[in-house]
Each structure stands twice: as C-alpha cells, then as structure tokens.
Amino acid sequence: MTSLIKKNASGHPGDGDANLLINEVVGVPGGIGEGAREARADAFDPWLGSLLPRRDGIALIAVGGLGRRQCAPYGDLDLVLLHAGVPGTDELAASLWYPIWDAGLRLDHSVRTVAEALSVAQDDVKVALGLLDARFVAGDRALADQLVRTATDHWRRTAVRQLPGLRELTTARWATHGELAFLLEGDLKEAAGGLRDVGILRAIATAGITDALRPAVRAAHLRLLDTRDALHQQVGRRVDRLVAQERDGVAKLLGLDDGDALLRRVAGDARTVSHALDDAWRAADRLRSGRRRGADGRPIRRPVARDVVEHDGELVLARTAIGARPDPSLSLRVAAAAATTRLPIARATCEWLAAYCPPLPAPWPPAARAALITLLGAGPGLVPAWETCDRYGLIDGWLPEWTRLRSLPQHNPVHRFTLDRHLVQTAYEASRHTREVDRPDLLLLGAFLHDIGKGLPGDHSTVGAPVAEAVAARIGLPENEVALIGALVRLHLLLPDVATRRDLADPKTIAGVAERVGDTTTLDLLHGLVRADAAATGPAAWSDWKGRLVAELVARVRTALDTGVLPAPPAPDPALVAGPLPVVHLTEDRVAVAAADRRGLLATVAGCLALHRLEVLSADASAVDGRALVECRVQPRYGLAPDPIALSADLRRAVTGDVSVTQRLRGRALAARGEGAAPRVVWHREAATDAVLLELRAADAAGLLYRVTCALDEAGAQVRAARISTLGADVVDAFYLVGGWPDDAERARLEAAVLAAV
C-alpha cells in the first residue's frame with residue numbers, strides 16, 4: 001500500500017501528496033457539513049488506536065480539528081503521545097508516527113508527560129489553547145482524562161493573565177492576513193473573523209469570562225467550516241485561502257448561486273465572529289482592570305451625549321430615554337456618540353435600539369441629519385461604530401439601500417475592501433480634508449455616497465447620481481444641496497481621469513473641466529473626495545505623481561473659474577532650448593531630452609527608457625527653434641532605479657541615431673509583448689485644441705509605449721503629447737496627434753497600425 005505513495009528526495013511524502021491514500025488507508029469519508037466532519041473523526045480514531053500498542057501509562061491525545069471532531073477533508077492530524085514516564089517512549093513514538101506519514105498524512109506531533117504539557121502551556125498561550133481541544137483517542141484513558149481536566153482547570157485559573165499575550169499574537173496575525181469580511185481572497189482560517197478567531201472565542205468562553213459562543217456565532221462558525229470543507233474538496237488538497245479561481249466551484253458545492261454570493265456569506269459570517277471577539281476582549285479587559293465604582297459601590301455612569309451615558313466602559317441609554325417613547329433619531333445619536341468618544345455600544349443597548357427605536361420619517365428631523373454628519377466625520381471612531389450598528393440591523397433602518405451594498409465584492413485588484421466598507425472608509429478619509437472646503441458636511445456625505453451606483457447596470461457614476469440625490473433628499477437637504485451631492489457622485493472620477501489621461505497644458509482640457517465643475521466650491525469638494533477615495537481604495541490607487549497632477553489640474557481650473565481666463569501653457573525648460581545638442585537631463589522622476597529636430601524622437605526616447613526598465617507616466621514632445629524636445633515623467637518598473645550614467649549615455653547615442661542602440665531597443669521591446677484581452681482604440685475628436693486624441697486600451701507590457709510610438713511615426717502621425725494611465729494589468733494610453741485627421745480611411749489605417757504594434 002505504501003509503495004503507491006509518491007515521495008520526495010528525503011523519503012517522506014511530498015507536499016502535494018497529503019491525504020493521497022486517506023480513503024484507502026483509513027476509510028475516511030468525504031463530504032461537507034458537521035456530520036461529515038464528525039464521521040471523519042470517527043474513522044480516524046480506531047485506525048490511530050490500532051497503531052498504539054497496549055501499555056499502561058501511555059495515551060494518544062488528539063488536539064486541533066481532530067480533537068474537536070471537526071476534521072477537514074485534507075486537514076492535518078495534531079496528536080500528543082502522553083506518557084507517565086514509561087521507558088522506550090521514543091521508540092514507541094516512532095512506531096506510531098511513521099505509519100501516519102507513510103499514509104501520506106500531514107502530522108503535527110509531540111511526546112510529553114502531563115507535567116511537561118502543562119509547563120509548556122504555562123509559557124506558550126497557543127499550546128494552552130490547543131490543550132483545550134484535547135480529546136482521548138486510545139490507550140490509558142485515566143491518564144488522558146487527567147491532562148484534559150488539569151489543562152482546562154489551568155486555563156481557567158490563568159486565562160486573565162494570559163489573554164493580553166494572546167491578544168498581541170492575534171493582532172499581529174490580523175496585520176498579516178487582513179480582515180476576512182473585506183477581502184476578495186481571504187484566508188478562512190487566519191484572517192480576522194476566521195476560524196482561528198472562533199478558537200479564541202471558545203477559549204474565552206471556557207474561562208467563564210463571557211458567553212462568547214452565542215447562537216449567531218455558532219451558526220457562522222459552522223458555515224465557515226462548511227466553506228473550508230468545500231474549498232478542500234474543490235481543490236483536492238489542504239488550502240485555506242479562498243482564491244478567485246475556486247470561488248464558483250466552492251459556491252456550487254455549497255448550493256449557492258455564484259462566487260459573489262459565497263463572498264457575501266463569508267463576509268457576513270466573518271463580521272459576526274469579529275464582532276463577538278471584540279465584545280469578548282472588552283469583557284476580559286473589564287475583568288482584568290476591575291470596574292470603576294462610585295462611593296455607593298455601583299459602577300460609575302457618566303453622561304456623554306443627550307440620552308447616552310457611559311457605563312462600565314460602554315455606552316448605554318439613559319433611563320429617561322428608555323422610559324419615554326424613543327426619538328426616531330436616537331439610534332443615530334447613540335452611534336455618533338460612540339464614534340466621537342470611541343467607546344463601544346453595549347450589546348443590550350444595540351438590541352434594544354433594533355427592537356424599539358421607531359423608523360425615521362422622510363425627510364429626517366434635523367437631529368438625525370446632524371447625528372449622521374457627526375458620525376461620518378468622527379474619524380477613527382467611525383468604522384467600529386458603524387460596524388456595530390450594522391451587525392444589529394440599525395443601518396438598514398437608516399438607509400434601505402444598504403442591503404444591496406453590504407459585503408458587495410469589488411472585483412478589482414486595486415480595491416482592498418468590499419463596497420460597503422469602502423464607502424465608510426472613504427468618509428473616514430474625507431474627514432482629514434474637511435478643513436479645506438467650504439462645506440465639510442457635503443464632503444462627508446458625498447464621500448459616503450460616491451460609489452452607491454456600483455452593482456447597478458451602467459456606469460456607476462451616472463446611475464449612482466440619482467440614487468445619491470434620493471438619499472440626500474430623504475435626509476432633509478435642500479434642493480440645491482441635493483443637486484450638489486448628485487454632481488459630486490457624477491463627477492467623482494473626473495479629476496483623476498483628466499489629470500492622468502489628458503494634456504494639462506492644453507487650454508481645451510482646462511476649459512472642459514471648468515465647464516463641467518461650474519464653481520470653486522464644487523472643485524474643492526471634488527479635490528477632497530478624490531484624495532479620500534484613493535486612500536480608501538488602497539495604496540495602488542494613488543501616488544505622489546498622481547497627486548501632483550490632480551493638484552496641478554485643480555490649480556489651473558481654479559484660475560479659469562476665478563478669472564475666466566485660461567492659464568497659459570508652461571514654457572519649455574530653458575536648459576533644453578540652449579547649448580549644444582543633444583541635451584539630456586535626468587532627475588529621480590523626470591527625463592528631458594533635446595536633439596536636432598526630427599520625427600521619431602519620442603519613440604526613440606521611450607524605447608531607451610524601456611530598455612532601462614523605466615515606466616513612462618507622461619510624455620510631451622514639441623519643437624522650438626529647430627530643436628525637438630521630449631520630456632517624460634518616469635518611475636522604475638521594478639522599484640530599482642537604473643544607473644543614471646548608463647541611461648544618459650544610451651539616450652545620447654540613441655537620439656543621435658546609433659544603430660546598435662536601436663537594435664537593442666527593438667529586440668528587448670519585441671520580447672516583452674503583453675497578453676490579455678483584445679486591445680481597443682478610441683478616438684476623441686474634440687478633446688484638444690490643435691490635435692485629435694487617440695486612446696489605446698490594452699494589457700500593460702514593458703516597451704509598449706515604444707512599439708506604439710514607432711507605429712504612429714511610421715504611419716505618418718506626429719505625437720505632441722502622451723499620457724499613460726495604468727489600471728492594474730491594463731493601461732489607458734492617450735496620444736495627442738497633431739492635425740485634424742478628418743479622413744475615416746486614414747484614421748482606420750492608423751488604428752490598424754497601432755493595434756498591430758500591440
């Protein structure tokens with residue numbers, strides 16, 4: 001039987017062969033669900049027992065999933081060989097472990113006495129938690145019962161002291177793996193809200209600190225286990241990360257419609273676990289630090305807002321608020337108080353608000369509207385307060401649209417959060433810019449609503465504007481402010497799109513943005529919104545270069561709106577229009593070249609930059625007094641800047657026509673062609689003052705700009721400027737072509753040349 005096992009060079013089963021013969025050796029059933037997990041444990045127990053010789057003072061203990069009788073289809077075996085100091089233990093252990101390895105099973109094992117196990121648990125909180133799952137499998141039952149009993153008793157006596165260390169380990173794990181509720185490819189076990197956190201809840205409950213495993217948590221735990229089982233079954237091996245290519249298959253095994261339905265279910269379950277763990281940590285903190293009490297011995301109550309008091313480190317309702325008919329704005333006011341004080345809302349208070357707080361009228365009363373703005377502008381306290389209210393269904397009462405938005409995946413590698421969390425996070429980021437605008441309240445509300453159209457058919461900015469306007473009207477904003485909220489949603493991508501894809505020196509670019517924005521108040525709100533949106537999206541959504549471009553666009557548009565005069569294009573760098581040719585100037589993010597006026601200079605420079613692994617973010621080409629000038633903004637493709645001496649030398653040789661450099665450029669660029677969906681060309685005839693705009697949408701690849709500019713040059717087109725915008729694995733490259741290009745046949749010929757180059 002073991003001869004069928006594929007082994008690596010060391011003679012042990014390879015990583016890909018875990019559980020290869022699990023059914024043949026052990027007869028372990030497959031399947032998904034609690035019954036299947038218990039059946040797998042029931043199949044393992046007698047097989048493992050058959051491997052253990054019958055001797056007094058020896059017991060085999062299961063911990064981990066087998067100890068809990070929650071065996072995953074391709075999970076590890078976690079075993080402890082417990083002994084009472086009997087001789088020959090090492091030989092006995094070897095006779096036990098090797099048949100398990102030979103069966104192709106992954107094994108985590110240890111050999112200890114009861115005293116040794118408790119000593120290790122004293123120093124290692126992870127071992128202490130593991131022993132809470134200890135279960136007798138075979139051998140001396142009395143010895144096993146002694147360990148199970150004493151390990152549990154030891155944990156109950158030392159838990160309060162050990163929990164701070166456990167919390168530090170947990171926080172570090174979360175920092176590594178992120179929050180399962182908001183990830184497209186989260187780790188079902190290690191991420192915050194995952195299976196590992198349920199183990200912590202079980203430990204806190206065992207210590208008697210709080211009732212951490214309430215029915216909602218147990219149900220969420222079972223669904224997460226089912227998802228992990230289905231993932232194992234889908235992939236055919238142990239894996240805990242729910243990667244994109246497996247989602248639909250896992251969803252089918254679980255009877256769900258598609259991968260998005262699976263993500264939303266996982267997100268809801270992870271949130272339930274995370275919220276319960278937050279409650280449990282607070283209970284442990286209170287137990288460890290003791291309650292603050294007044295002279296009468298009762299916990300201190302401190303008013304923090306109207307109808308809201310702090311009691312024992314949590315926010316609860318004042319007695320007068322409970323006795324009278326509740327104000328419809330009460331739940332919002334409690335949430336705002338929690339966000340501004342950064343104190344949690346007591347669980348009983350949340351349950352009472354969900355059950356008894358009446359619905360808000362339309363339009364909202366001023367107190368509710370003010371509380372919402374306070375909540376959105378509370379900064380770091382916003383996200384935890386919002387999450388708490390969402391877990392108890394309060395948000396749905398405020399915003400009926402929230403049901404559609406909750407846990408909606410965003411299938412874009414740039415985004416780090418689900419849609420609902422992204423909206424809340426954007427409001428939090430916008431609170432950093434409220435002092436820069438005339439209407440901070442509208443900035444916060446616009447940031448919160450800017451992507452509300454996602455998930456609906458059509459462009460989310462366009463379809464989201466009327467939805468946002470409806471929300472703004474419902475909460476009681478006047479008509480002009482409702483229209484402004486709609487404009488912010490409709491235009492929230494305008495500034496970054498124009499800044500990165502259009503020539504900011506072209507007066508027509510500035511005039512077009514000024515016409516769409518209309519006034520400086522809206523311009524400032526959009527500027528704050530775009531920065532908040534980028535920060536909430538993720539690090540790949542923003543850069544210093546992009547920030548400078550957006551700020552430059554805002555400054556130019558402001559001048560146009562304030563004075564009615566379009567700003568003049570910037571003058572060329574004086575260093576490029578004087579001195580002997582060629583001229584090459586290099587800085588950290590800029591390459592400027594001047595050479596004798598000739599066609600194709602932009603293509604030559606672009607190719608040379610690609611040869612030195614520099615990405616071109618923007619390029620400008622012009623001619624002054626017989627000189628051809630090219631200025632590029634660049635960044636290293638792989639994070640390492642090139643040797644400036646070698647780059648300068650190659651540029652000088654290339655722009656003077658050195659054939660050897662040109663051959664190197666063509667060879668390197670042709671070897672770097674990208675793959676992906678079919679490229680596309682879009683023409684914009686009215687976007688520039690003295691040119692037409694050819695926009696290429698294609699897969700990103702090194703040397704792409706060189707190939708395309710060569711094709712344009714060979715086809716007879718003169719490029720005045722180029723703007724490069726990278727969106728994940730794709731690019732949107734805009735080329736300003738001098739002339740009108742009115743002939744359809746000529747445009748078709750040029751388009752074909754560009755697509756052939758890509």
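Okay, let's start with helix H23, residues 494-501, and helix H24, residues 507-517: they pack at an angle of about 175 degrees, and their axes are 11 Å apart. Angles over 145 degrees count as roughly antiparallel, so H23 is roughly antiparallel to H24. Keep in mind, by the way, that this is a predicted model.

Why those two numbers? Because two packed helices are described by the angle between their axes and the distance between the axes.

So which residues in H23 and H24 meet? On the H23 side we've got Leu494, Leu495 and Val498. Over on H24, they meet Thr509, Val513, Arg516 and Val517. Sort that contact by class and you get 5 nonpolar residues, 1 polar and 1 charged.

Where is Glu401 placed? You'll find Glu401 in the loop between helix H17, 394-398, and helix H18, 402-405. Is Glu401 buried or exposed? The relative accessible area of Glu401 is 16%, and buried means under 20%, so Glu401 is buried. If we leave aside neighbours within four places in sequence, Glu401 is in contact with Ile452, Val467, Val471 and Arg474.

Last one: Arg333, which sits in helix H13, residues 330-341. Arg333 has a relative accessible area of 10%, so Arg333 goes down as buried too. And what does Arg333 touch? Not counting residues up to four places away in sequence, Arg333 touches Arg306, Asp307, Asp327 and Ala371.

Notes:
Residues are numbered from 1 along each chain as its sequence is written. This is a predicted model: local features need pLDDT of at least 70, side-chain atom pairs count only at pLDDT 80 or more; totals for chains, interfaces and linings use all residues. Side-chain values use heavy atoms; hydrogens and water are left out. Axes are lines fitted to C-alpha atoms, for helices over the stretch in contact, and angles run from 0 to 180 degrees between N-to-C directions. Helices (H or I, at least four residues) and strands (E, at least two) are DSSP runs, numbered from the N terminus. Angles under 35 degrees count as roughly parallel, over 145 as roughly antiparallel, 65 to 115 as roughly perpendicular and the rest as oblique. Contact means heavy atoms within 4.5 Å. Ala, Val, Leu, Ile, Met, Phe, Trp, Tyr, Cys and Pro count as nonpolar, Asp, Glu, Lys and Arg as charged, and the others, Gly among them, as polar. Buried means under 20% relative accessible area, exposed over 50%, partly exposed in between (1.4 Å probe, protein chains only).
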